[in-house]
Amino acid sequence: MAQKAQYKTKQMKELLSYLESVRGNHVTVGDIYTHFESEGITVGITTIYRHLERMVEQGIVVRYVIDGTNSACFEYVGERADGRQSVSFHCKCKKCGKLIHLQCNEAENLGQHMLEHHDFEMDSRRTVFYGICGDCRGSKS
């Protein structure tokens, strides 16, 4: 199957630049749209979705849909020199809904343990640990 030619429009470059600036954070299409609007850059929501989907296919952006939410969030992960996917687990607070990006050797070791001892390969990009974040544990609710 022939691959579509990839080209970078001005809007694609703007989106890529923004995503690189918030690397390691999760953003929604609404966040991106609001950013562009505040910068005076005209980009439609459909265009943002189209470019994000292309970046997801290329593996430079990861899409997350977390249980209990209607909208997806996206994270720029860039390209690794070795071509492998980056390991990136997540933690979600059951109280406030905060999503915490977790790149940690211990979590990576858990994935390796699951594979070696339980013959189960975890998908770190879709694995979410649920609990209570530090802010909510410290609050009086």
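1. Confidence comes first. This is a predicted model, in which local features need pLDDT of at least 70 and side-chain atom pairs count only at pLDDT 80 or more, while totals for chains, interfaces and linings use all residues. Helix 2 (residues 29–38) has the highest confidence, at a mean of 95, and strand 4 (residues 99–102) the lowest, at 79; helices (H or I, at least four residues) and strands (E, at least two) are DSSP runs, numbered from the N terminus. Over residues 1–6 the pLDDT is below 50. Residues are numbered from 1 along each chain as its sequence is written, and side-chain values use heavy atoms, with hydrogens and water left out.

2. Next, a look at Tyr49. This residue belongs to helix 3 (residues 45–58).

3. Now for Ala72. You will find Ala72 in the loop between strand 1 (61–64) and strand 2 (73–76). Leaving out residues up to four places away in sequence, Ala72 touches Val27, Thr28, Arg63, Tyr64 and Val65 (contact means heavy atoms within 4.5 Å). The C-alpha atoms of Ala72 and Val29 are separated by 8.0 Å, with the two residues 43 apart along the chain.

4. Asp119 is also worth a look. Asp119 sits in the loop between helix 4 (105–118) and strand 5 (128–131), and is exposed, with a relative accessible area of 69%. Phi of Asp119 is near 50°, a positive value in a residue other than glycine.

How values were computed
pLDDT = per-residue confidence, 0-100. Buried < 20%, exposed > 50% of the residue type's maximum accessible area, 1.4 Å probe, protein only.
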